[in-house]
Amino acid sequence: MKKGVLITIIAIAVIAVWAISYGIKSNNTMVTMEEEVKTAWSQVENQYQRRAELIPNLVATVKGYAAHENETLQGVVNARAKASQTTIDPENITPEAMQQYQAAQGELSQALGRLMVTVERYPDLKANENFQMLQTQLEGTENRIAVERQRYNESTRTFNTYIRKFPRSIVANMLSFDQKPYFEARDGADIAPVVEF
């Protein structure tokens, strides 16, 4: 065998070994990052679940003071039910599923906002220790939701950036790693709601 042919074979073998090891390393990193996105999404869902679990106690407390506010209370209960039924499979987070999820959670947030406006009409309720505790927990949960959504978006940005960079984008396409959708502000979130008494 000629020396030139041998050098060519060795060069091709070295390139093949490098390409395979690069592909394996890239795949493993993408898997790790994708799991981080799924974990971050689970934390978002945990906080929304926490909020959903606070709502029945909040509604029951308000109902004791404001029994004739049935329409508002029923709106909260219905929005909670819809939000609880709308879920996303962490294995398959799509922009469409994310949009549905955000819409359901947005409806619940709006219903809770209407409930809090209603509460303003009942000074005894606002002074109730149980209601104050629930309101504080709900406010804390809303803050936790915002933090977890931010963490999810950061994990998603890191993952999406990693799989889109060349030459990893080739490996990502070959191994079917797709971009993950971001948790975005709902339409109209930049406009302050009109509160009327």
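1. In this predicted model, K82 is partly exposed, at 39% relative accessibility. Its side chain meets that of E107 in a salt bridge, with 3.1 Å from N to O. K82 belongs to helix α2 and E107 to helix α3, so the pair ties together parts that are 25 residues apart in sequence. E107 is likewise partly exposed, its relative accessible area being 32%.

2. The structure as a whole contains six salt bridges. One of them joins the side chains of E91 and K38, at 2.8 Å from N to O. E91 is located in the loop between α2 (70-85) and α3 (95-119), whereas K38 is part of helix α1 (residues 3-65); the pair therefore ties together parts that are 53 residues apart in sequence. The two partners should be read separately with regard to accessibility. E91 is exposed, with a relative accessible area of 55%, since the term applies to values over 50%. K38 is buried, at 8%, because a value under 20% counts as buried.

3. R151 is partly exposed, with 46% relative accessibility, while E148 is buried, with a relative accessible area of 10%. Elsewhere, salt bridges with shared partners join E35, K38 and E91 into one network; K38 and E91 are the pair described in point 2.

4. The aromatic residues deserve a separate comment. The count of aromatic pairs comes to seven. Among them, W41 and Y101 have ring centres 5.0 Å apart and ring planes at 65 degrees, so this pair is edge-to-face; the cut-off for that class is an angle over 60 degrees. The pair links distant parts of the chain, with W41 in helix α1 and Y101 in helix α3, 60 residues apart. W41 is buried, with a relative accessible area of 0%, and Y101 also counts as buried, at 4%.

5. Another aromatic pair is formed by Y48 and F183. Their ring centres are 6.3 Å apart and their planes stand at 20 degrees, so the pair is stacked; planes under 30 degrees apart fall in this class. Y48 lies in helix α1 and F183 in the segment after α6, which means that the pair ties together parts 135 residues apart in sequence. Both residues, Y48 and F183, are buried.

6. W41, Y48, Y101, Y152 and F183 form one aromatic cluster. A contact of another kind involves Y162: R168 lies over the face of this residue, 3.9 Å from the ring centre.

7. The last point concerns the surface. F166, I170, M174 and L175 make a nonpolar surface patch of about 460 Å². Of these residues, F166 is placed in the loop between α5 (129-164) and α6 (168-174). F166 is exposed, with a relative accessible area of 67%, because this value is over the 50% cut-off.

Definitions and conventions:
Residues are numbered from 1 along each chain as its sequence is written. This is a predicted model: local features need pLDDT of at least 70, side-chain atom pairs count only at pLDDT 80 or more; totals for chains, interfaces and linings use all residues. Side-chain values use heavy atoms; hydrogens and water are left out. Patches are made of residues with over 30% relative accessible area and no salt bridge: like charges are joined within 9 Å, nonpolar side chains (Val, Leu, Ile, Met, Phe, Trp, Tyr) within 5 Å. Accessible areas come from the Shrake-Rupley method with a 1.4 Å probe; for residues, only the protein chains shown count as cover. A salt bridge is a side-chain nitrogen of Lys or Arg within 4 Å of a carboxyl oxygen of Asp or Glu. Helices (H or I, at least four residues) and strands (E, at least two) are DSSP runs, numbered from the N terminus. Buried means under 20% relative accessible area, exposed over 50%, partly exposed in between (1.4 Å probe, protein chains only). Rings of Phe, Tyr and Trp (its six-membered ring) pair if their centres lie within 6.5 Å; planes under 30 degrees apart count as stacked, over 60 as edge-to-face and the rest as tilted. A charge sits over a ring if NZ of Lys or CZ of Arg is within 6 Å of the ring centre and within 35 degrees of the ring normal.
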